Amino acid sequence: MIEYVKGELAELTPAYAVVETSGVGYGLNITLNTYTAVQGKKETRLYVFESIREDSYTLYGFATKEERSIFLLLITVSGVGVNTARMILSEMTPAELCGVISSGNEKMLKTVKGIGLRTAQRIIVDLKDKIADFGFADEAPARAGQPAVQVDKEVKDEAVGALTMLGFAPAPSAKVVVAILKEQPSLPVEQVVKLALKQIK
C-alpha cells in the first residue's frame, strides 16, 4: 500500500499531477482543492488512494490526509464512485463539504454534476455522524472567487483539459470556459473549472 508520494512536482494540471521520486514519475488524479494547494511548488507530498480493478490501476493524490479521509468516506456511500467523489471535492473544500453535510443542505450537494436528490440525501444520512470527527463541520460553505495573477490562452487550455479529463466533451467545455473568462478574465484555472462544472450540461 502506498501511503504518500513525496518528490518533485514534474507536471501539474487542475485534474492531474506527476510527482517524480527516485527516478519514477507517479501519475495521480487530483481534485481542484489539491491543485490549489500544490500550485507553484517545486516539491510536494501527496497522500495516495489506490484504485485497483481487474482492468486498471489508478492513483488518486490529496494534499492533506483530511481530504483523503473525506474522499474515502464519500466512496463508501452507495452510488458514489471515485470520479463522483473527486467531482464533489473539486467543487467544495473538505470544510465546505462537511458544513453542507452537517447542515443537511441537499440542495448544495445537488449542484454537483452527477449528484441527484437520492444520492445527496444518502450522502447526508450516511456521513452526518462520521464527519464530526474532522473538526470543521460547523464551517459554512462559501464559494468566493479568488483573483488570479494572469489570464491567457494557457488558462483556457488548462481548464478545458481538466474538464476533458473529468469526462466532459472538449467542444462544450471550451464554449463554457470561454464564456466564463469573458465575464471574469482574472479568474485562476481552478475557479474557472469550478464554475464550468456548474454550467456544463
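Reader: At roughly what angle do the axes of helix H7 and helix H8 cross?

Author: Two packed helices are described by the angle between their axes and the distance between the axes. In this predicted model, the axes of H7 (residues 153-165) and H8 (residues 170-183) cross at roughly 140° and come within 9 Å. That angle makes H7 oblique to H8. The crossing in which H7 passes H8 is right-handed.

Reader: Which residues make the contact between H7 and H8?

Author: On the H7 side they are Val 155, Lys 156, Ala 159, Val 160, Leu 163 and Thr 164, and on the H8 side Pro 170, Ser 173, Ala 174, Val 177, Val 178 and Leu 181. By class, nine of the residues in this contact are nonpolar, two are polar and one is charged. As for the spacing, an α-helix has 3.6 residues a turn, so residues three or four places apart point the same way.

Reader: How do H8 and H9 cross, and which residues of H8 and H9 meet?

Author: The axes of H8 and helix H9 (residues 189-199) come within 9 Å and cross at roughly 125°. H8 and H9 are therefore oblique to each other, and their crossing is right-handed. From H8, Val 176, Val 177, Ile 180 and Leu 181 meet Val 192, Leu 195, Ala 196 and Gln 199 of H9. Seven residues of this contact are nonpolar, one is polar and none is charged.

Reader: Is H9 mostly covered or mostly uncovered?

Author: H9 is mostly covered, with eight of its eleven residues buried. The buried residues are Val 189, Glu 190, Gln 191, Val 192, Val 193, Lys 194, Ala 196 and Leu 197. They pack against helix H1 (32-38), helix H3 (82-91), H7 and H8.

Reader: What covers the buried residues of helix H2?

Author: The buried residues of H2 (residues 65-74) are Glu 67, Arg 68, Ile 70, Phe 71, Leu 73 and Leu 74. Their cover includes H1, strand S4 (43-53), strand S5 (56-62), H3, helix H4 (94-102) and H6.

Reader: How many residues has the largest nonpolar core, and which have the most contacts inside it?

Author: In soluble globular proteins, nonpolar side chains tend to be buried together. In this structure the largest nonpolar core has 59 residues, and Leu 74, Leu 97, Leu 109 and Ile 123 have the most contacts inside it. Apart from neighbours within four places in sequence, Ile 123 is in contact with Leu 74, Val 77, Val 80, Ile 88, Ile 101, Leu 109, Ile 115 and Lys 128. Over the protein, 45% of the 201 residues count as buried.

Reader: How is an individual residue such as Met 165 to be read, and which residues is Met 165 in contact with?

Author: Met 165 is found in H7 and is partly exposed, with a relative accessible area of 40%. Leaving aside neighbours within four places in sequence, Met 165 is in contact with Thr 13, Ala 15, Tyr 16 and Arg 86. Met 165 and Thr 13 are 152 residues apart along the chain, yet their C-alpha atoms are separated by 9.9 Å.

Reader: Where does Ser 22 lie?

Author: Ser 22 lies in the loop between strand S2 (16-21) and strand S3 (24-29). Its relative accessibility is 78%, which means that Ser 22 counts as exposed. Phi of Ser 22 is near 55°, a positive value in a residue other than glycine.

Reader: How many helices and strands are there in the protein?

Author: There are nine helices and five strands. From the N terminus on, the elements run β-β-β-α-β-β-α-α-α-α-α-α-α-α.

Definitions and conventions: Residues are numbered from 1 along each chain as its sequence is written. This is a predicted model: local features need pLDDT of at least 70, side-chain atom pairs count only at pLDDT 80 or more; totals for chains, interfaces and linings use all residues. Side-chain values use heavy atoms; hydrogens and water are left out. Axes are lines fitted to C-alpha atoms, for helices over the stretch in contact, and angles run from 0 to 180 degrees between N-to-C directions. Helices (H or I, at least four residues) and strands (E, at least two) are DSSP runs, numbered from the N terminus. Angles under 35 degrees count as roughly parallel, over 145 as roughly antiparallel, 65 to 115 as roughly perpendicular and the rest as oblique. A crossing is left-handed if the near helix is turned anticlockwise from the far one by less than a right angle, and right-handed if clockwise. Contact means heavy atoms within 4.5 Å. Ala, Val, Leu, Ile, Met, Phe, Trp, Tyr, Cys and Pro count as nonpolar, Asp, Glu, Lys and Arg as charged, and the others, Gly among them, as polar. A nonpolar core is a set of buried Ala, Val, Leu, Ile, Met, Phe, Trp, Tyr and Cys residues joined through side-chain atoms within 4.5 Å. Buried means under 20% relative accessible area, exposed over 50%, partly exposed in between (1.4 Å probe, protein chains only).
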